[in-house]
Structure formats: C-alpha cells, structure tokens
Amino acid sequence: MLDVRDLAFGFGSRRVGSDVTFSLARGETLAVLGGNGAGKTTLFRTLLGLLPAQAGSVQVGGDALHSLSPIERARRLAYVPQQHVPAFGFSVEEAVLMGRAARLSTFARPGESDRRIARDALARLGVEGLAPRPVTELSGGERQLVLVARALAQEAPILILDEPTASLDFGNRARVLSEIDRLRGTGLSIVFSTHEPDHALTHADRALLLAEGKPLALDASDRALTESNVAQLYGVNVRRVMAGGARSVFVVEEGRPGERR
Amino acid sequence: MSGLSSRAWFVSGTAALGLVVLVLLALGAGRYPISASEVAAILWSHVDGTSRGGTADAVVWQIRFPRIGVALLVGAALASAGAAYQHLFRNPLVAPDTLGVSSGSALGAVLGIFLGAGFVAIEVAAFAGGLLAVGAVMAIASRLRAHEPLVTLILTGIVVASLLGAAISLVKYLADPYNQLPAITFWLLGSFAAASGGEVRSLLPAVALALIVLLTLAWRINLLALPEDEARALGVDTKRLRAIVIAAATLATAASVAVSGIIGWIGLVVPHMARLCVGPEFSRLLPATAIFGAAFMLAIDTLARSIAPIEVPPGVLTAVVGTPVFIFLLARSRRAF
C-alpha cells in the first residue's frame, strides 16, 4: 500500500529527519515513536504530501506521491490530526461530511449518499448520537473520535493518525486504541504516532523508533521495543515486565540508562 | 440534520419576506411621507405603464427606489464579504473594516476621485486598493507568528487601516478644497443620499458576480475554516480556493466602498447574527447573511433619513450598533462561535 524508501524530510533546506525506509501492507499497523521534536509530525506531513520530500521516495498504491493531485492523494491517504478546538461550531455531522470533499466535484454539495456514509462512519465508532452536537462543545475524546470518523468518511485505504491518544483521559485512550484495532481488522493500513511504548506493543504490528529524525529501530513491535532501545529513545531507565498473557508493559526505573546493568 | 437545514430555510425565508415588507415601508418613509397604499399604486403604475408622474411618483420612483437598491446591495455585499473573510481567516472578529480592506478600497477610490477618473476606473482602483490592503495584512500577520493569532490579525488590520487612513488624509490635503475635498469628505462619511439608477447599475454586476462565486463554492469554503494542513489533507487546493474567496469578498467590499464610502460594522455584526440563527455551515450561512445584511443596511438608512430634520450619515448609526456588539464578541472570543 505505502512504500517509503530512503526518505529525507524537513522544511525548506532544514533537514528534520532522513533514512526512513518502510513499507506497509493492507491491514497492517505501524507505530511511530520518538521523543518530543523527533520529527514524527514532520514525517507524517511528508507522507501526506503536505511537505515535499527532500530526498527518497514515497509510493502510494504503486504511484509516486508527488505525481498525485491533492484530490487523488486525499482519496488514498486520510489524516487524523491532533485534536484542537475548532474556530466555528459546525455540527458533528457537518464536520464528518467534510471528509467527503475529495469525493465531490468543486462546486458540489454533499448529497444523501454522502450523509449516509458520514452517519455510518460515526456509527462504526459508536458515536452516532453526537451527530447534531456542535464540535465546539464536545469533550477531547469525543472530538478525537469525530476526527477519526471524518477520516473514515474519506474512504481512503491508508489512515495516518498523529498522536491519537495525546491529551485523552485513560478511558478515551482505551476507546480510541480499540477502534484502531478494529479498523485494522477491516483491512485499513494504519500509521499512528504515540508517546506510549505500551500502545505500540499492544496495538501495532510494527514499530518505527525515531531518534532525532533517524530510525533507531524498525521491526515487529515486540522486537523493536527492547528495553535498551526504549531507554535510548527517551533517555530514561526502563524495564519491560510481563503483564499477564502475552502482554508486557514498560516500567520506568530509578537511575540513568545503562547504570543498572 | 434535515431539522437544522429546514430551520435555516425557515429563517432565510422569513427574513426575505421581512425584507420585502421593509422595502415597502422604506419607500413610504422619510421627510415626505407617502402611505403604503399610495406606494403600491405608484409601483403598480410603473409595472402596467400607466404612470402619471407627479411629486409622490418622483420621490418614490426616482429618489427612494435607487437609494433603497444601493442600500440593499451594499448591505448584502459587506455582510457576505465579512462572512467569507471570517471563514477564511478562521476568525470571527475579522470584517472588511477590521481587516483594512475598506480603507484600502477607500484610498483607491479617493485617488480615483482626485485624478478625476470615471466611475468604473474608481471601482477598479478601489478593488486594487482593497486587495493590496488584505495582502499586506496577511503578509504581516503571518510573519509575526504570534501567540494570539486571532487578536494579532485584528491589530495588524487596524494598524494597516490607520496607515491607509493617513494616505487618504494626504490625498484630501492635496485635493482642490472647493470641488474635490467636499466630494471626498461627504463620500467618505458613508452615505446613500446621492444614489441614482446609475449607481445601482454599476454596483449590481460586481456584487452579483462576487455573491455568485461565493455561493457556488459555498460548501467547499467550509473547509477553509479548518487548519491549513487538515483542509489540504482532505483534498482541497487551499491556495487557489483562498485566492478566489479573497478576490470575491474584496470585489464585493470595493464595489460598495466605491459607491457609498466606508460603512463600518455591518461585515462584522451581521454574519455573527446570521450564525446564531442558522449555524456556521457556509452554504446556509451565506444566503442568510446576505438577506440580513440587506435588511440591516436598509433599516439603518431609512432611520438615517427619517429620525432627524437633517440626514444622519448611516456609518454613524452602524457604529452605534456595532461597537457594543464588537465588545461583546471580544469578551466571549475565547469561547465558541
């Protein structure tokens, strides 16, 4: 679905990251981890075609990303940005309908079939009851789900989510993550960034660890997220402990990385 | 959502009906009062071609009718431009006047008057001045990368507007004090007193073109209210769409300013009232805003020419209404619109 080769990215001549290579198959999930300022958002903007690649290539469904028109890009890649308070109180249904822009001609307005798709997207996330509410009056978790619904209404095969669990409470976080699991089950290819190694372990097939823009590791989540890699990535001492079943979680320990062993 | 959209139809329909009633009242009101039945008879006599002339006929048909036409067009144009700018800049506090567009258009028009240009040339100069002003405001505000983008944009608009105001003063200072200066001064005050059929005919095409462009793109303009990255990721060519919307809104503003000078506040207050009634969705908001704007401007102008023995400039009345509303908006600007 998505083929990234030797990608270098940044703003203008300023380099933020480089040497990123991965490919994502249908129904596969990739988690991108890295400290603040590691270049996760810049990488995503480049993957979406919002920033030109500085070097290397991005191929989407067999075509070079830069050769696609904005509409064609939006039909293949859907973006879930970090949630923010919107300027105007559009209703939730209106906000989700905006996901249909790439499927409508310039002068068209969404019709009954678009409305049905928007309602279905909300229903898939279990929040169809929100439809008439103004987006300005939603909680952070609800707003995040609305942004996911908008991306679903876009009907693109690849979903790119920028820190979908940031600034959500414990319950909403779990809800959003289980939605990501379900969407993966429906055949979508998903890339998401997160600050929680645990989320990558449980909810992603593979993990890409970015340290100052360069890949520190790219492998199956279980293999990429070793104690030493995570310690190096965040500069804290961590231990990976079994949490029952096949699941494990990271626990921060006292001391600087490397001191313990 | 059909509930909300049928409510929007109800609101716009009621407002349109109210507007027709208002026009009939305005035709009768003023220093020479004419009864509603007489107004209807005069209008009908022009429809079936049996007009007999006379004072009442001249007042209704030659003086008040064009004046009302100009007021309706200017009100609809300024309010619609305000709504478009507010979506475009994701900022409910911007308007043709707070963005400096009105001042830019006024400078262009004043230069046109100063150079003795014809009306079309004055309109073109006003359009160029308006584009220049909004371009300058956007360029400066985006380079400031401010912490409070909402307020920064307004402050930049005010600063640019005051600079343009200085340039207007300079042109006035240089103008011939016996002919040009009074013309410029009265025109700048904002008035429909001199409106004639010619003004309606020159205003109508520009305003109609701008509104039709905004209306055909209305649904897509909603996406400009999202952050830039989101709109682009949804497949919108934001640069092109933004340029078209700015051109249309500035054309509407410039055409109004060229005819009636700077009339403030309408572009700020009316879109907000319309949003309270029909919500922010632009294909519902724009028709409601245009109708509300036309009605508001006509009501103000009718008051302006009937409350006192001499005419009060309508810009004075809109400021009386607009200032408290702006302060109210500013006070709740941290909350939702």
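1. Basis. The model is predicted, so that local features require pLDDT of at least 70 and side-chain atom pairs count only at pLDDT 80 or more, while totals for chains, interfaces and linings use all residues. Residues are numbered from 1 along each chain as its sequence is written, with chains lettered from A and ligands numbered from 1 in the order in which they are written.

2. Helices α5 and α6 of chain B. Helices and strands here are DSSP runs numbered from the N terminus (H or I, at least four residues, for helices; E, at least two, for strands). The axes of α5(B), residues 119-144, and α6(B), residues 149-174, come within 9 Å and cross at roughly 135°; axes are lines fitted to C-alpha atoms, for helices over the stretch in contact, and angles run from 0 to 180 degrees between N-to-C directions. That angle makes α5(B) oblique to α6(B), given that angles under 35 degrees count as roughly parallel, over 145 as roughly antiparallel, 65 to 115 as roughly perpendicular and the rest as oblique. The crossing is right-handed, a term used if the near helix is turned clockwise from the far one by less than a right angle, with anticlockwise giving left-handed. On the α5(B) side the contact includes Ala133(B), Val137(B) and Leu144(B), and on the α6(B) side it includes Thr152(B), Gly157(B) and Leu164(B); residues are in contact if their C-beta atoms, placed from the backbone, lie within 7 Å. The contact residues divide into 9 nonpolar, 3 polar and no charged, where Ala, Val, Leu, Ile, Met, Phe, Trp, Tyr, Cys and Pro count as nonpolar, Asp, Glu, Lys and Arg as charged, and the others, Gly among them, as polar.

3. Helices α4 and α5 of chain B. Helix α4(B), residues 101-114, packs with α5(B) at an angle of about 145°, and the axes are 6 Å apart. This crossing is right-handed. Among the contributors are Ser103(B), Gly104(B) and Gly108(B) from α4(B), together with Ala125(B), Gly129(B) and Gly130(B) from α5(B). By class the contact has 13 nonpolar, 7 polar and no charged residues.

4. Helices α4 and α5 of chain A. In chain A, α4(A), residues 112-124, and α5(A), residues 140-153, pack at about 130° with their axes 8 Å apart, which makes α4(A) oblique to α5(A). Here α4(A) passes α5(A) in a right-handed crossing. The contact is made by Ile117(A), Ala118(A), Ala121(A), Leu122(A) and Arg124(A) of α4(A) and by Ala149(A), Leu152(A) and Ala153(A) of α5(A), giving 7 nonpolar, no polar and 1 charged residues.

5. Contact between the chains. Chain B contributes 25 residues and chain A 29 residues. Helices α9 (218-224) and α10 (228-233) of chain B each supply at least two residues of the side of chain B that touches chain A. That side has 12 nonpolar, 6 polar and 7 charged residues.

6. Nonpolar core. Which residues touch the most other members of the largest nonpolar core? Of its 191 residues, they are Leu159(A), Ile160(A) and Leu298(B); such a core is a set of buried Ala, Val, Leu, Ile, Met, Phe, Trp, Tyr and Cys residues joined through C-beta atoms within 7 Å. Helix α3 of chain B, residues 55-88, gives the most to this core, with 18 residues. Leaving aside neighbours within four places in sequence, Ile160(A) is in contact with residues including Phe44(A), Leu77(A), Tyr79(A) and Val191(A).

7. Arg73(A) lies in helix α2 of chain A, residues 70-76, and is buried, with 24 other C-beta atoms within 10 Å; the scale, with C-beta atoms placed from the backbone, calls a residue buried at 20 or more other C-beta atoms within 10 Å, exposed at 12 or fewer, and partly exposed in between. Not counting residues up to four places away in sequence, Arg73(A) touches Gly49(A), Leu65(A), Leu68(A) and Gly235(B).

8. Positive phi values. Most residues other than glycine have a negative phi. Asp6(A), in strand β1 (residues 2-11) of chain A, has a positive phi near 50°, and is exposed, with 12 other C-beta atoms within 10 Å. Arg90(B), in the loop between α3 and α4 of chain B, has a positive phi of about 50° and is partly exposed, with 18 other C-beta atoms within 10 Å.

Terms used: Contact = placed C-beta atoms within 7 Å.
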